[in-house]
Amino acid sequence: DRILMSACHKFSSFRSLACALVLASAFAVVDTREVSADSAVRRHALLALKILSYNRSFGKRDQRSFVFGIAHDDPDASERAARRLLAAFAQLSRFKVKGMAFRTTLLPFKSADHFAEICRKRGVAALFVAGGFAKEQFVSDIAAVARKQRLPSVTREAAYLKRGIAIALVQDGSRQRILVNLTHAKAQGMALKAELLSLAKVSH
């Protein structure tokens, strides 16, 4: 973790997303399956923050902070995935996105209406959708809220792109992959920079 925080300090000054991808890949060598899983979560949390900075429409002038919501289902697997993300983002709490500090909040999915309401009440500005949802329809419901409220959405599950989530961060061996569904991204109010798109696998 000390190595991670040292590297993350350098990451805050990087201007190239390519550099961020190289940094994220530097944590690919681990000793156990459990450590590997935790390392991957930290890498993807790091990339998610950097990706938000490549969204031209994210944030408002003079805005000082934003809320990054972590959506999860009730099943244990989904909640565990969400809590690993929460812990990963906690290690990155000093970083800023386009000059804005951030905080994270867990968003349990109970129904589409309930999810929309808690997003509004908590002032959520972006979504990270955890894995492990019991029904794929729930992910589609979350994507519908993201479209209506113009919330950029990110996940670690490539299959969720088919359900309306905009960006997936996936591990391909020791390399990081960014998958972008441009149609979903635009529907969620995102205006992604060419620098990001040039490094991503883009679909429509």
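A salt bridge is taken here as a side-chain nitrogen of Lys or Arg within 4 Å of a carboxyl oxygen of Asp or Glu. The structure is a predicted model, in which local features need pLDDT of at least 70 and side-chain atom pairs count only at pLDDT 80 or more, while totals for chains, interfaces and linings use all residues. Residues are numbered from 1 along each chain as its sequence is written, and side-chain values use heavy atoms, with hydrogens and water left out.

**Exercise 1.** Determine which residues are linked with Glu117 in a network of salt bridges.

*Solution.* Step one is to locate the residues: Glu117 and Arg120 both belong to helix H5, residues 112-121, at a spacing of three residues, about one turn of the helix (helices are DSSP runs of H or I with at least four residues, strands are runs of E with at least two, and both are numbered from the N terminus). Step two is to check the distances: Glu117 and Arg120 meet at 2.9 Å, N to O, and Lys121 meets Glu117 at 3.9 Å, N to O. Because Lys121 and Glu117 are four residues apart in helix H5, about one helical turn separates them. Step three joins the pairs, giving a network of Glu117, Arg120 and Lys121.

**Exercise 2.** Classify Glu117, Arg120 and Lys121 as buried, partly exposed or exposed.

*Solution.* The cut-offs for relative accessible area are under 20% for buried and over 50% for exposed, with partly exposed in between (1.4 Å probe, protein chains only). Glu117, at 30%, is therefore partly exposed, and Arg120, at 48%, is likewise partly exposed, whereas Lys121, at 66%, is exposed.

**Exercise 3.** Find the salt-bridge partner of Glu79 and describe where the two residues lie.

*Solution.* The partner is Arg83, with the closest N and O atoms 3.2 Å apart. Both Glu79 and Arg83 lie in helix H4, four residues apart, about one turn of the helix. A search of the whole structure gives five salt bridges.

**Exercise 4.** Describe the setting of Phe68, beginning with the strand that holds this residue.

*Solution.* Phe68 is in strand S1, residues 65-72, and is buried, with a relative accessible area of 0%. Strand S1 pairs with strand S2, residues 101-108, in the parallel sense over eight bridges (pairing requires that DSSP finds at least two bridges between the strands). Beyond the neighbours within four places in sequence, Phe68 has contacts that include Leu52, Phe89, Thr104 and Leu127, where contact means heavy atoms within 4.5 Å.
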